[in-house]
Amino acid sequence: GGKLCGILLALAGMGVGLSCIDAASAALLVQLVDLRHHSSMYGSTYALRGFSESAGFVVGPLLASGIMEAIGFRAMSVALGCCVALYAPLLLIVHWLSGVNGKSENKERTDRDSEKDEQNLQDLAA
């Protein structure tokens with residue numbers, strides 16, 4: 001009884017976490033495309049995201065079953081928790097090193113696009 005409830009609670013927590021990450025990743029990808037690429041890259045970006053997510057759903061359980069047989073469920077859960085705990089600060093470090101400042105870069109890009117729009121309107125009026 002108690003072990004089953006613990007497993008169900010852990011699965012529910014992972015489901016909530018996955019849905020939060022999945023929802024936020026789409027918005028982050030849009031921001032990256034806006035900052036670094038042309039708008040024609042949206043399709044490729046979402047296709048790559050979908051492929052990697054699907055590959056993770058196939059490869060993840062295959063690897064996890066082998067690891068669980070080798071080291072056990074408890075040790076695998078602790079290892080996964082440690083990986084997640086180390087991954088979050090790593091993302092912050094990568095973000096800090098990348099120097100991406102969405103507000104200023106996005107403003108500069110918006111200003112550039114506004115200038116192009118004004119030039120196009122002047123060309124049409126001429």
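Where in H2 does a kink lie, shortly before the proline Pro 61? The kink is at Val 59 and comes to about 25°. Here a bend is the angle between axes fitted to the seven residues ending at a residue and the seven starting there.

This is a predicted model, in which local features need pLDDT of at least 70, side-chain atom pairs count only at pLDDT 80 or more, and totals for chains, interfaces and linings use all residues. Residues are numbered from 1 along each chain as its sequence is written, and side-chain values use heavy atoms, with hydrogens and water left out.

The chain has four helices and zero strands. Its pattern along the sequence is α-α-α-α. Helices (H or I, at least four residues) and strands (E, at least two) are DSSP runs, numbered from the N terminus.

| H1 | residues 2-36 |

Just after H2, Gly 72 takes a positive phi of about 95°.

The whole structure holds one salt bridge (a side-chain nitrogen of Lys or Arg within 4 Å of a carboxyl oxygen of Asp or Glu). Arg 49 and Asp 22 form a salt bridge through their side chains, at 2.5 Å, N to O. This pair links distant parts of the chain, with Arg 49 in helix H2 and Asp 22 in helix H1, 27 residues apart.
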